[in-house]
Amino acid sequence: MAKKLIISLFIVFFGITIIGISLAALAVIVTYPKLPPLNALTDYKPKIPLRIFSEDKVLIGEFWRRKTGICSHQSSSTHDD
């Protein structure tokens, strides 16, 4: 009796493990083609703003689609608790 219980629990555990590995593999297969190339993330170049100049070449304004900048981890603010 106990031997049958242990064998059935082992089969259930093995089945759940196989299902989990299959789901993880499916998630990787589905999402991997949609990921951007690595150099697009490491070599980030912000978009150039639209700059409006007057006739005498004085900057009147800059318009951005999104305002972003690149900063190092050390220059970002820290939280003091």
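This is a predicted model: local features need pLDDT of at least 70, side-chain atom pairs count only at pLDDT 80 or more; totals for chains, interfaces and linings use all residues.

Reply: Residues are numbered from 1 along each chain as its sequence is written, and side-chain values use heavy atoms, leaving out hydrogens and water.

Me: Which pattern does the protein follow along the sequence?

Reply: Helices (H or I, at least four residues) and strands (E, at least two) are DSSP runs, numbered from the N terminus. The protein has 2 helices and 2 strands. Read along the sequence, they give α-α-β-β.

Me: In what sense do strands E1 and E2 pair?

Reply: Strands count as paired if DSSP finds at least two bridges between them. E1 (residues 50–53) and E2 (residues 59–63) have 4 bridges, and Ile 52 stands opposite Gly 61 in E2. The sense is antiparallel.

Me: Which side chain does Arg 51 meet in a salt bridge?

Reply: A salt bridge puts a side-chain nitrogen of Lys or Arg within 4 Å of a carboxyl oxygen of Asp or Glu. The structure holds 1 of these, at 2.7 Å, N to O. Arg 51 lies in strand E1 and its partner in strand E2, so the pair ties together parts 11 residues apart in sequence. That partner is Glu 62.

Me: What percentage of the residues count as buried?

Reply: Buried means under 20% relative accessible area, exposed over 50%, and partly exposed in between (1.4 Å probe, protein chains only). Arg 51, at 43%, is partly exposed. Of the 81 residues, the buried share is 2%.
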